[in-house]
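Dear colleague,

Please read them with the model open beside you.

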Amino acid sequence: MTTEEQLANKFERLIKDHMRREKLSALSMRELARRMTDAGYPISHGTLTGIRNGRSTIDQRTMESLCAFFGVPESYFWLPRRQALLLGRLADLDDADLAAVDQLISDLHSRRTGRAER
């Protein structure tokens, strides 16, 4: 799988998560571009289409805009797929749920290393 294809897959996951959160049955790249622009992240639908179709890479400014709009860290696009998917799912959680996930990770780390987290 090429870098562009991996990027397209991760971008598609962000779109699907966004559609689920916003309760949308469909979302065109033109509409996504409008939503992003309205939110302060101007981008063209052509750029989004190229990324989604695996024909384009993204520059730093575009990556920053996508990450800010979708609420994921920049590392989302460069992490292994499973880790990136988990990060994308964390964006949906409220503060209480994030605290529970943080505690779970601490517990797992403690179990793995054989010592308690401080």
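The side chains of Glu-31 and Arg-35 are joined by a salt bridge, with N and O 3.1 Å apart; the term is used here for a side-chain nitrogen of Lys or Arg within 4 Å of a carboxyl oxygen of Asp or Glu. These two residues are separated by about one helical turn, because they lie 4 residues apart in helix H2 (helices, H or I, of at least four residues, and strands, E, of at least two, are DSSP runs numbered from the N terminus). Salt bridges with shared partners link Glu-31, Arg-34, Arg-35 and Asp-38 into one network.

Please bear in mind that this is a predicted model, in which local features need pLDDT of at least 70 and side-chain atom pairs count only at pLDDT 80 or more, while totals for chains, interfaces and linings use all residues. Residues are numbered from 1 along each chain as its sequence is written, and side-chain values use heavy atoms, with hydrogens and water left out.

Glu-31 is partly exposed at 26% relative accessible area, as are Arg-34 at 40% and Arg-35 at 22%, where buried means under 20% relative accessible area, exposed over 50%, and partly exposed in between (1.4 Å probe, protein chains only).

The structure holds 6 salt bridges, and another of them pairs Asp-17 with Arg-20, whose closest N and O atoms are 3.4 Å apart. Asp-17 and Arg-20 lie 3 residues apart in helix H1 (residues 3-22), and are therefore separated by about one helical turn. Asp-17 is buried, with a relative accessible area of 4%, whereas Arg-20 is partly exposed at 46%.

Leaving aside residues up to four places away in sequence, Leu-66 is in contact (heavy atoms within 4.5 Å) with Phe-11, Met-36, Ile-43, Leu-48, Ile-51, Ile-58 and Phe-77.
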